[in-house]
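Biologist: Can you walk me through this one? Start with any term I'll need.

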Amino acid sequence: LSEKVQAIYMWWHRPAIDRELLQSLPNLKVIANSGVGMDHLDLKLIASFGVKMANVPHAVSSSTADAGMALLLASARRLVEVHHIAMSSDIDYCEADILGVKVSGSTLGIIGMGRIGYKIALRAKAFEMKILYHNRTRRKAQEEQAVGATYCEKIDSLLQQADFVMLVVNLTPQTHNLIGKRELELMKPTATLINISRGAVVDQEALVMALQTGVIRAAALDVTYPEPLPRLDHPLLKLKNVIITPHLGIKTDKTMYMITEEAVENILAALNGLPMPSEVLPS
């Protein structure tokens with residue numbers, strides 16, 4: 001069937017797109033990814049075969065923003081810890097043992113104010129949070145005013161001020177290990193790091209050390225490196241001040257449907273010689 005294949009719809013990084021596959025599909029015109037991140041694809045290689053690429057930024061933004069806020073709230077109020085206490089009748093505790101962090105009035109620093117980052121800011125505004133953001137390009141003044149966000153040209157300034165730091169960037173050579181030992185030490189010892197982007201954006205060894213030694217208060221991670229983590233022996237899995245979810249940012253019933261719709265829309269546009277709504281070009 002190789003000569004009949006004109007489009008590939010990738011689901012959870014499958015199938016693997018390599019030179020051998022591309023060479024075997026002479027009439028391939030388009031690859032549609034079932035997410036936003038394209039770091040698992042060699043975009044220049046694919047483009048060299050004359051194949052177009054698309055992602056699904058519109059379908060995933062709201063559910064991913066919801067997941068980011070859910071992680072923030074769960075970490076602030078220690079929901080995983082107190083759930084286990086509530087489910088275990090033999091655990092003795094006092095109120096001081098389960099004190100969380102007040103979200104309302106605290107400062108959220110968003111690193112990456114694209115479509116998802118902006119939706120997080122909208123949600124944070126409803127929680128009466130002060131919002132700082134760092135981005136490659138500054139948002140328009142009216143967009144900042146709509147969510148009450150303040151631009152930080154330097155990432156260091158954001159890290160030093162934020163009570164919660166949320167990572168919402170694409171994984172690129174520039175963002176690989178964006179948060180390392182130096183950046184973690186700039187954060188407040190009472191701060192929480194929330195990562196809903198890609199695991200490799202954070203130096204995981206440095207994060208473990210920071211969590212173990214009290215450099216920062218806590219972390220809430222929807223992504224790790226690798227995914228999943230080795231189940232028994234990874235130090236992140238042994239820390240009480242960490243919440244880890246299995247990359248569930250986009251995983252809702254309606255979002256799955258919307259992702260497929262957006263991918264099909266891109267595929268049909270490419271096959272009919274029309275502009276693709278979410279085309280991704282190699283940088």
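Predicted model: local features only at pLDDT ≥ 70, side-chain atom pairs only at ≥ 80, totals over all residues.

Biologist: What does UniProt list for residues 69-249?

Modeller: The UniProt record, an unreviewed entry, gives that span as "domain: D-isomer specific 2-hydroxyacid dehydrogenase NAD-binding".

Biologist: New topic. Which domains does the domain assignment give?

Modeller: Domain 1 is 2-55 + 252-280. Domain 2 is 61-88 + 98-244. Their C-alpha centres are 30 Å apart.

Biologist: How many residues of each are in contact?

Modeller: 6 residues of domain 1 touch 5 residues of domain 2.

Biologist: How much area do the two domains bury between them?

Modeller: About 430 Å², with 48% of it on carbon and sulfur atoms. On the domain 1 side, Val36, Gly37 and Asp39 lose the most area to domain 2. Together they make up 67% of what that side buries.

Biologist: Which residues form the salt bridge?

Modeller: Arg198 pairs with Asp39. Their closest N and O atoms are 3.1 Å apart. The count between the two domains is 1 salt bridge. There are also 2 residue pairs in polar contact, both at pLDDT 80 or more.

Biologist: What classes of residue are on the side of domain 1 that touches domain 2?

Modeller: That side has 2 nonpolar, 3 polar and 1 charged residues.

Terms used
Residues numbered from 1 in each chain as written. Heavy atoms only, no water. Domains from an automatic or database assignment. Contact = heavy atoms within 4.5 Å. Buried area = accessible area lost by both parts, 1.4 Å probe. Salt bridge = Lys/Arg side-chain N within 4 Å of Asp/Glu carboxyl O. Polar contact = N/O pair within 3.5 Å; in protein donor to acceptor, adjacent residues only side chain to side chain. Nonpolar A, V, L, I, M, F, W, Y, C, P; charged D, E, K, R; others polar. UniProt positions renumbered as here; feature names shortened; annotations may be inferred.
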